[in-house]
Amino acid sequence: MRAGTAVAAGVSAERVRLVRSGRVLVDGVDCTLEPGTFTGLLGPNGAGKSTLLHVLAGVLDPDAGTVRLRDRPLPSTRARERARSIALVEQSLPGETSQRVREVAALGRTPHRSLLAGNSRRDLDVVENSLTAAGVLRLAERSYSTLSGGEQQRVQLARALAQEPEVLLLDEPTNHLDASAQLETLGLLEKLAAEGTAVAAALHDINHAAAACSHLIVLSGGRVVASGPAGSVLTPELIQRVYGVRAELLRHPLTGRPLIALAR
């Protein structure tokens, strides 16, 4: 997702602005989600990360500017086509449902079926593979409402994977997860991007973004303050300006990936 870049595939936003209750949440953002990239959206609370994801997914309509899916305005795209192309994993999780985990994940196949059709053999295989990829196949027969927040988070990821989207948007995908599950999830998102999916995630953890993302967009006050390859965006000066903390760039002793030490 590179600010100011236009490509034929993926999702792009041009001069997008969104105002709610007199407050500007997203202000003149230009960006593009490119296939084969894992883009991290960074910024402090209230920077506009979640709002931008919802605009790109078509959940929120911007007050100005245009969102395009494959160079066609998103509002003019049929709902079924949009659902086949874009999947959004929300930060807040619906916990009250009597459905089993497998049934929740199978909701991702809805855009691919006719209204009265049941699950085909392929649908069942896709759901099985999605549950496996998200690490929740062992929970497939459990009631969704009995799961922990972290387990529900991974089931929602499985539902999104079952959509087989071209564009996968995630709002704080590691928020409810333990350390092992966080790393597994980031590794899965890197793999999906390497296979050609356009992946974008709002992240709080700067080190997760530095280690896993190929591109970054940094937001502050609803505006893009920096964008580009992760290795060049995260400078100590930028982190001080956006987050108000000191930073030093290091090399992770185990992985060799960037590691950022933070201090007040």
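These legends accompany several close-up views of the predicted model. Residues are numbered from 1 along each chain as its sequence is written, and side-chain values use heavy atoms, with hydrogens and water left out. Because this is a predicted model, local features need pLDDT of at least 70 and side-chain atom pairs count only at pLDDT 80 or more, while totals for chains, interfaces and linings use all residues.

**View 1. Strands β1 and β2 form a hairpin.** Helices (H or I, at least four residues) and strands (E, at least two) are DSSP runs, numbered from the N terminus. Two strands pair if DSSP finds at least two bridges between them. Here β1 (residues 11-20) pairs with β2 in the antiparallel sense over eight bridges, and V11 sits opposite L33 of β2. Two residues lie between the strands, and S21 takes a positive phi near 55°. Strand β2 (residues 23-33) is mostly covered, with eight of its eleven residues buried; buried means under 20% relative accessible area, exposed over 50%, and partly exposed in between (1.4 Å probe, protein chains only).

**View 2. Strand β4 pairs with β1 and with β5.** Follow β1 to β4 (residues 64-69) and you find an antiparallel pairing with five bridges, in which A13 stands opposite V67. Two bridges then join β4 to β5 (residues 72-73), again antiparallel, with R68 opposite P73. The hairpin of β4 and β5 has two residues between the strands, and R70 takes a positive phi near 50° there.

**View 3. The largest nonpolar core holds 48 residues.** A nonpolar core is a set of buried Ala, Val, Leu, Ile, Met, Phe, Trp, Tyr and Cys residues joined through side-chain atoms within 4.5 Å. The members that touch the most others are F38, L131, L157, L168, L170, L216 and L234. A second, separate core has 28 residues, including L69, L74, I86 and L219. In soluble globular proteins, nonpolar side chains tend to be buried together.

View 4. Leaving aside residues up to four places away in sequence, L157 touches V89, A134, L168, L170, T185 and L188, where contact means heavy atoms within 4.5 Å. On a 1 Å grid over the protein atoms alone, a cavity is a set of points where a 1.4 Å probe fits but cannot get out, and lining residues have an atom within 4 Å of a point. The largest cavity has about 40 Å³ of space, its volume being the space filled by probe spheres set on points joined across faces, edges and corners.

**View 5. The largest pocket has about 290 Å³ of space.** On the grid, a pocket is an open set with protein on both sides within 12 Å along at least five of seven lines. Of its 14 lining residues, L183, N207, A211, H252 and T255 lie nearest the centre. The elements giving two or more residues to the lining are α6 (179-194), α7 (206-212) and β12 (258-263).

**View 6. A230 lies in helix α8 (residues 230-233).** Why does A230 count as buried? Its relative accessibility is 11%, so A230 falls in that class. Apart from residues up to four places away in sequence, A230 touches A209, C213, S214, H215 and L216.
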